[in-house]
Amino acid sequence: MSSKNWDSPQMVQGSANRWSRVIIYGLLIFFAAFYLMPLVVMLLTSFKPLSEVYAGNILKLPAHWTTASWVKAWGEACVGLSCDGIKGYFWNSIKMVVSAVGVSTFVGAMNGYILTKWRFKGDNLLFGLILFGCFIPFQIVLIPMAAFLGKAGLASSTSGLVFVHVVYGLCFTTLYFRNYYIAFPDELVKAAMIDGARFFRIFFRILLPCSGPIITVTVIWQFTNIWNDFLFGASFTTGDTAPITVALNNIVNTSTGEREYNVHMAAAMIAALPTLLVYVVGGRYFVRGLMAGSVKG
Amino acid sequence: MSSLHIQQVRKSYGSTDILKGIDIGIDDGEFLVLVGPSGCGKSTLLSMIAGLDTVTSGDILIGNQRVNDLHPSKRDIAMVFQSYALYPNMSVAENIAFGMEMRKVPKAEREKAIQDVAKLLQMQHLLDRRPSQLSGGQRQRVAMGRALVRHPQIFLFDEPLSNLDAKLRVDMRTEIKKLHQRLKATIVYVTHDQIEAMTLATKIAVMRNGELQQLGSPSEVYNKPANTFVASFIGSPSMNLIPGRLVPHGDGLALEIEHNTTEGLQIPLPPQPDSVTAYVGKEIIAGLRPEAIGNGNLQKHELTRQVQADLVVTEPTGPDTLAILKLGGFEVTARLEADATYPAGHRGLFTVDLTKLVMFDSQTEQRIA
């Protein structure tokens, strides 16, 4: 859909058009600046020596650019009692997010496949119930989940946290894949059946290779949610097993000595980078995938 | 290649009967066309032959084997779908080879089979393309190739031409017919287009509301339709169905056509079998194909009659001119000589060929034979 279609002929010329352009761009620039301001402040602060941070103007460019606070945040900052930086927690988060995203996306795709191509009695009811899971607030499940993880021997471990995120993410991933596969032609599945492919072959050879856009959407969605999660991380892990969001909180909340805002900002930037990266790489597909199926091509 | 027998096959979803006891048998090498309006159950029947749908009761036999409980891939069939159902993530060659790959055919053999089929359908240059890079006709060709490469007992076609434009459809129709002649394959073909049915089939099964109306060769179905539904469904323009009455006329019978607004018309009939004479004095429905009503283009012989009619409107088609006539008060379609001008409202004598006359019971709408 090109934006050209939206312009009515009389709007193309005339000064009314110019003024509306000025207003539109003015507003856009204002809001962009509004949203980007915190990021700018964070970046500037993280590259300043501490003395400059305390000197005042947060919007001032650093007089002496330094990456010392990034190095310190990564390897030396004190999280709780140990002073090894956030690198350990960063890897915790990576381990957690990769397994949780992988498992929940795969199982969601499988659910979507079954719910649309292997219909059974009560499948719509089941889907409705799964959908309902999307609306359960995190706080409700905290205590039952803690009890369950304790009994299952998964308390305070990355695997336990992965389990929680998979269970919670399944509702969303199932929703995404079901809605994507419902538009996938049944005749292809029938053709594959006649060709001799069975349940798993059809899934791996026919449906999954055609699922690029929705896999991207699901991965971005799950990655950002799981990476940014604080509540589950704080509730179900302790000490060394905590994800980076919890570690970041612990750095910032240390009450001893001078507050090292530049280190805090650098740590926050490090914690935010992976989601940014995922979005930059897959963002194009994200928008495309969200739109897919909404408008019949 | 193999025969196919469908015996008392029923299909119901809950209390809704989709198919109400279908019996069809075809021999090795026959081309069966299932034809009927949408919702008649023809596609469901095809799905059941393929094994994509379950049979509620009855048997389906391919060759001598009962296949009711066999997985689609074990029935030794190949199917061409309406949407072609080409795997979008695979090239044309991979599409054709997928079935063989599933059956674990060695790679060298697969390559050879792909080349053979590509040559047969003249699509060697398309093998590396994706389905999205093909035109409608090319996709159709690939779908056929995927079916051909299997050398199945039976080919199943589910409205394969309905997504093509008019000209291509006629070309592909000829291609399919040629292919059938060359391969001597057993084919079951579903369509709602009666012209496809007439041109392709060796046997036509006309269906309506889950019931088989008639099973016969194209000429049987065309010339001796079992009932008024078949009569009006097969043929374009469709058969004229004129309400009338059989009356005594001299030694024999005459067909009396009388509309309450105008004077009646009596057409003397040749000697009729007993089944027809039993209807003397009763209401019947007379069926006459448009080409059985004409003027100079119809040869006069002892079974033709001259009747008076009013010409309402003409539709020149090129080879001949279709005309709506008022015959005994009823509007009928006639096929007249081309290259003549017919003034509207013209009243004249037209020729009716009684060799092609069929009669139906006015109550049951079944043919009186």
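Predicted model: local features only at pLDDT ≥ 70, side-chain atom pairs only at ≥ 80, totals over all residues.
**Conventions.** I number residues from 1 along each chain as its sequence is written, and chains are lettered from A and ligands numbered from 1 in the order in which they are written. Local features need pLDDT of at least 70, side-chain atom pairs count only at pLDDT 80 or more, and totals for chains, interfaces and linings use all residues.

**Entry 1: chain A domains.** Domain 1 covers 10–75 and domain 2 covers 87–291 (bounds come from an automatic or database domain assignment). Their C-alpha centres lie 32 Å apart. I then checked the contact (C-beta atoms, placed from the backbone, within 7 Å). Domain 1 of chain A gives 13 residues and domain 2 of chain A gives 11. On the domain 1 side, helix 2 (15–46), helix 3 (50–55) and helix 4 (68–75) of chain A each supply at least two residues. Helices here are DSSP runs of H or I, at least four residues, and strands are E runs of at least two, numbered from the N terminus. Helix 4 of chain A has the largest share of that side, 6 residues. By class, I find 7 nonpolar, 4 polar and 2 charged residues there. Ala, Val, Leu, Ile, Met, Phe, Trp, Tyr, Cys and Pro count as nonpolar, Asp, Glu, Lys and Arg as charged, and the others, Gly among them, as polar.

**Entry 2: chain B domains.** Chain B divides into domain 1 (4–227) and domain 2 (240–361). I read 40 Å between their centres, over C-alpha atoms.

**Entry 3: a helix pair in chain B.** Helix 2 (residues 92–102) and helix 3 (residues 107–120) of chain B pack at about 130°, axes 10 Å apart. Axes are lines fitted to C-alpha atoms over the stretch in contact, and angles run from 0 to 180 degrees between N-to-C directions. That angle makes helix 2 of chain B oblique to helix 3 of chain B (under 35 degrees is roughly parallel, over 145 roughly antiparallel, 65 to 115 roughly perpendicular, the rest oblique). Helix 2 of chain B brings A93(B), I96(B), A97(B), M100(B) and E101(B) to the contact, and helix 3 of chain B brings R110(B), A113(B), I114(B) and V117(B). I note 7 nonpolar, no polar and 2 charged residues.

**Entry 4: strands in chain B.** Strand 11 (residues 240–249) and strand 12 (residues 252–257) of chain B pair antiparallel over 5 bridges (pairing needs at least two DSSP bridges). L246(B) has L255(B) as its bridge partner. The hairpin has 2 residues between the strands, and G250(B) takes a positive phi near 60°. Strand 12 of chain B also pairs antiparallel with strand 13 (residues 265–268), over 4 bridges. There I257(B) stands opposite L265(B).

Note on methods: Contact = placed C-beta atoms within 7 Å.
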